[in-house]
Amino acid sequence: MTELTNLRTYISAFVTALPFSFFLLWSWRQRRLNIQDTDMAQASTKTVIIIGGSWAGINVAHGLLKEVPSAKVILINPSDDFYFNIASPRLVAKPNDIPREKYIYPIVPLFNKYANVKQNFELVLGKATSLDLHGKNVIVQDVNNGTTKTLAYDYVVLASGSTSNATTGTGSFQVPFKQSGTTEVEAELKAAQEAIKSAKKIIIGGAGAVGVEFAAEVAEAHPSVEVTLLTNSDNVLVNLREPTRQKAAKLLKQKGVKILTGKTVTSASKDSAGKWNVVIADGQTLTSDIYVSTTGVLPNNEFIPSSLLNKNGWVEVNNHFVSKADSSVYAVGDITQYSARLVSRISGQVPVLISNLKADITGNGKRAAYKDDPSLMIVVPIGKSTGTGQTGSFTPPGFLVSFVKGKDYFTGSGKKFIAG
Ligand SMILES: Cc1cc2nc3c(=O)[nH]c(=O)nc-3n(C[C@H](O)[C@H](O)[C@H](O)COP(=O)(O)OP(=O)(O)OC[C@H]3O[C@@H](n4cnc5c(N)ncnc54)[C@H](O)[C@@H]3O)c2cc1C
Ligand SMILES: *[C@@H]1O[C@H](CO)[C@@H](O)[C@H](O)[C@H]1NC(C)=O
Ligand SMILES: *[C@@H]1O[C@H](CO)[C@@H](O)[C@H](O)[C@H]1NC(C)=O
């Protein structure tokens, strides 16, 4: 009897408790959902502005659209086209060698494959002119009409890269080794191609990989043009191994390129007769129809606060690609302090940046760390069928350099570098 009463008490307690338990369960679930909702809401409002739409910036945009689909991605670039700049020595010297669609790629269609592209991706055509770290916004100047607008960010990725005096035409005949950001690259290419075709004497100052490749392309395309390559060192390709340097010099001479060593260019300018006067540190002045400077790279940092830059003007990042001075600022590619400024490095940098940015935005995922590779792996075509380079202590034979790069300057497989 008592047992029955007990059972009844249990049952009634259970029946009373049941709706209460359901309520508890429901409200707990609801709280969880609310938390998830606010997580989602916060995540979906995170805006990442990428400044610079080239090798680095385009690949960061791909990484975000793939890995952090909730983020809003704004890519700022002066041009709506990507320029396969590493083929420029060939493009300038041999206008008809590579078809246009292999070196100019419209940027927006590269992202059409993402389901969220319409809502979450925007290409803003313009130049960032200032970066306000406190207000977290970027001022962008429209390329066509010069008007400015202010865009707010949660995170900004600096991918504005580097330029050179030849690219901007500063103390040098203008050669589009990169996009200048001010004029259409195709117009610049055409102007350079025409002038080189009608020149009799060309001087190239600086014998790094760009100077060597360019001298070889011009000499091969125009055997009657006198091409002189100046180096301030004792031979070309100063950072590379001796066998590579000697091989390069030998192949250049075979193409008719004159190499002058120990020549430091102090200035160069075009006179009223249209000739270039190239002043050398030893007091000598050389003259030519065209002078092209390939003496080094310059950071595209005019809009970047100096607190983010090292003493040479590059953005100082940690091994997560986060600015050492501001944790909302990332940077990648040529604009960072990492001094091997090569496309081949960017492919290792972008995934590290994405893993960290993803962790910042979503709170999930493993943070990868970047380890810079001190070895220099490089192939330097000398014309279409030969060249040199180095991978470790190996100097690749000419036919291999031609096969890997010289035949088409990578343009045959160009799209794979930027298609995501
Ligand atoms: C002639 C030449 C040959 C090369 N060959 C090779 C090679 O064979 N292999 C290799 O690995 N590397 C090579 N390199 C190096 C390679 O080109 C660079 O490492 C690469 O371009 C760096 O990419 P990036 O995206 O960091 O910057 P960049 O390519 O310099 O691009 C920067 C982008 O940012 C934009 N930008 C700049 N300022 C602003 C602003 N204020 N607002 C908005 N946008 C801005 C620019 O217009 C540009 O689109 C070569 C370089 C040159 C010049
Ligand atoms: C400038 O051009 C942009 C598009 O490129 C446009 O949105 C803007 O309204 C223009 N501004 C003026 C003042 O013409
Ligand atoms: C670029 O040109 C300026 C002005 O002529 C010169 O001072 C500077 O050293 C040059 N820089 C490089 C990297 O060529």
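Buried means under 20% relative accessible area, exposed means over 50%, and partly exposed lies in between (1.4 Å probe, protein chains only). Every view shows a predicted model, in which local features need pLDDT of at least 70, side-chain atom pairs count only at pLDDT 80 or more, and totals for chains, interfaces and linings use all residues. Residues are numbered from 1 along each chain as its sequence is written, chains are lettered from A and ligands numbered from 1 in the order in which they are written, and side-chain values use heavy atoms, with hydrogens and water left out.

**View 1. Phenylalanine 321 has a positive phi.**
Phenylalanine 321 sits in the loop between strand E17 (298–299) and strand E18 (329–331). Helices (H or I, at least four residues) and strands (E, at least two) are DSSP runs, numbered from the N terminus. Phi of phenylalanine 321 is near 70°, and the residue is not a glycine. Most residues other than glycine have a negative phi. Is phenylalanine 321 buried or exposed? Phenylalanine 321 is buried, at a relative accessible area of 0%.

**View 2. Tyrosine 409 also carries a positive phi.**
Here phi is near 55°, again in a residue other than glycine. Tyrosine 409 belongs to the segment that follows helix H10 (398–406). Tyrosine 409 is buried, with a relative accessible area of 0%.

**View 3. Ligand 1 has 31 residues around it.**
A residue counts as near a molecule or strand if one of its heavy atoms lies within 4 Å of it. Which residues come nearest to ligand 1? They are Ser54, Asn77, Ala128, Asp334 and Lys405. The shell holds 14 nonpolar, twelve polar and five charged residues. In this scheme Ala, Val, Leu, Ile, Met, Phe, Trp, Tyr, Cys and Pro are nonpolar, Asp, Glu, Lys and Arg are charged, and the others, Gly among them, are polar.

**View 4. Backbone atoms of tryptophan 55, arginine 341 and serine 344 meet oxygen atoms of ligand 1.**
A polar contact is a pair of N or O atoms within 3.5 Å; within protein, one must be able to donate a hydrogen and the other to accept it, and residues adjacent in sequence count only if both atoms are side-chain atoms. A backbone N or O atom of tryptophan 55 is 3.3 Å from a ligand 1 oxygen. For arginine 341, the backbone distance to a ligand 1 oxygen is 3.1 Å. A polar backbone atom of serine 344 lies 3.0 Å from an oxygen atom of ligand 1. On its own, ligand 1 has 1,000 Å² of accessible area, and the protein covers 91% of it. Accessible areas come from the Shrake-Rupley method with a 1.4 Å probe; for residues, only the protein chains shown count as cover. Helix H2 (55–67), strand E2 (72–77), strand E5 (121–132) and helix H9 (343–362) are the elements that give two or more residues to this shell.

**View 5. Asp142, Asn145 and Thr147 surround ligand 2.**
The side chain of aspartate 142 has an N or O atom 2.7 Å from an oxygen of ligand 2. For the side chain of asparagine 145, the corresponding distance is 2.4 Å. The protein buries 30% of the 370 Å² that ligand 2 exposes when taken alone.

**View 6. Asn165, Thr295, Gly296 and Leu298 lie around ligand 3.**
This shell has one nonpolar, three polar and no charged residues. A polar side-chain atom of asparagine 165 is 2.2 Å from an oxygen of ligand 3. Threonine 295 places a side-chain N or O atom 2.7 Å from an oxygen of ligand 3. Of the 370 Å² of accessible area that ligand 3 has on its own, the protein covers 45%.

**View 7. The largest nonpolar core has 116 residues.**
A nonpolar core is a set of buried Ala, Val, Leu, Ile, Met, Phe, Trp, Tyr and Cys residues joined through side-chain atoms within 4.5 Å. Ile50, Phe111, Val138, Leu158, Val236 and Leu252 have the most contacts inside this core. H9 gives the largest share, eight residues. Domain 2 (47–163 + 298–362) and domain 3 (167–174 + 198–296 + 376–417) each supply at least three residues. Domain bounds come from an automatic or database domain assignment.

**View 8. Aspartate 373 is partly exposed.**
Its relative accessible area is 40%. Aspartate 373 lies in the loop between H9 and strand E19 (378–381). Its side chain makes a polar contact with the side chain of serine 375, at 3.0 Å.

**View 9. Glycine 169 lies in the loop between helix H5 (165–168) and helix H6 (185–198).**
Glycine 169 is partly exposed, with a relative accessible area of 34%.
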